[in-house]
Amino acid sequence: MFTKWKEWARVLKRDIFVLYSAVRDRRVSIWLRLFMLVVVAYAFSPIDLIPDFVPVLGYIDDLLLVPLGIYIALKWLPKDVAAEHRARAEELAKHGKPTNWAAGVLIIFLYVLLGVWLLRWLISWTF
């Protein structure tokens, strides 16, 4: 069973590199490229939307959201384009995972906005 999970994780890693490579392909519709960009940026982001230290919920994005985004993007990606980018993905994966600090900054910004909103709500609720 452990080998199945290990293989699934390896395929998932390869598929995120397929999307990373296909984001720049002009044969893919702009909407699909934007969706793939969001999935790839979130997968490579050093910061999660739900931090991992939050019990149970912290791993939902890693175990559900990222694989679901990859699955949907690959289903929408034309088969010939996906096949072409699979070869490039192997080469990209050898160089290691790129880190997307822009996505991390965006998530931090969203946390700050949420904190400000909660603070204003608490202040208005207490007075």
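1. Helices H1 and H4 (residues 79-94) pack with their axes 8 Å apart, at an angle of about 110 degrees. Axes here are lines fitted to C-alpha atoms, for helices over the stretch in contact, and angles run from 0 to 180 degrees between N-to-C directions. H1 is therefore roughly perpendicular to H4, a label covering 65 to 115 degrees. Helices are DSSP runs (H or I, at least four residues), numbered from the N terminus.

2. This is a predicted model, in which local features need pLDDT of at least 70 and side-chain atom pairs count only at pLDDT 80 or more, while totals for chains, interfaces and linings use all residues. Residues are numbered from 1 along each chain as its sequence is written, and side-chain values use heavy atoms, with hydrogens and water left out.

3. H1 and H4 cross in a right-handed sense; that is, the near helix is turned clockwise from the far one by less than a right angle. On the H1 side, the contact (heavy atoms within 4.5 Å) is made by Arg14, Asp15, Phe17, Val18, Tyr20, Ser21 and Ala22. H4 contributes Ala82, His85, Arg86, Arg88, Ala89, Glu90, Leu92 and Ala93. By class, the contact of H1 with H4 comprises 8 nonpolar, 2 polar and 5 charged residues. Ala, Val, Leu, Ile, Met, Phe, Trp, Tyr, Cys and Pro count as nonpolar, Asp, Glu, Lys and Arg as charged, and the others, Gly among them, as polar.

4. The axes of H1 (residues 2-22) and H3 (residues 60-76) come within 10 Å and cross at roughly 55 degrees. H1 is therefore oblique to H3, and the crossing is left-handed. The contact joins Trp8, Leu12, Asp15, Ile16, Val18 and Leu19 of H1 to Pro67, Ile70, Ala73 and Leu74 of H3. This contact has 9 nonpolar, no polar and 1 charged residues.

5. The largest nonpolar core has 23 residues. Such a core is a set of buried Ala, Val, Leu, Ile, Met, Phe, Trp, Tyr and Cys residues joined through side-chain atoms within 4.5 Å. Ile16, Leu19, Val28, Met36, Ile70, Leu74 and Leu77 have the most contacts inside it. H1, H2 (30-44), H3 and H4 each give two or more residues to this core.

6. Leu77 touches Val18, Ala22, Val28, Leu32, Met36 and Ala82, not counting residues up to four places away in sequence.

7. Ser29 lies in the loop between H1 and H2. Its relative accessibility is 42%, so Ser29 counts as partly exposed (buried means under 20% relative accessible area, exposed over 50%, partly exposed in between; 1.4 Å probe, protein chains only). The C-alpha atoms of Ser29 and Trp76 are separated by 9.9 Å, although these residues are 47 residues apart along the chain.

Key
Parallel < 35°, antiparallel > 145°, perpendicular 65-115°, else oblique.
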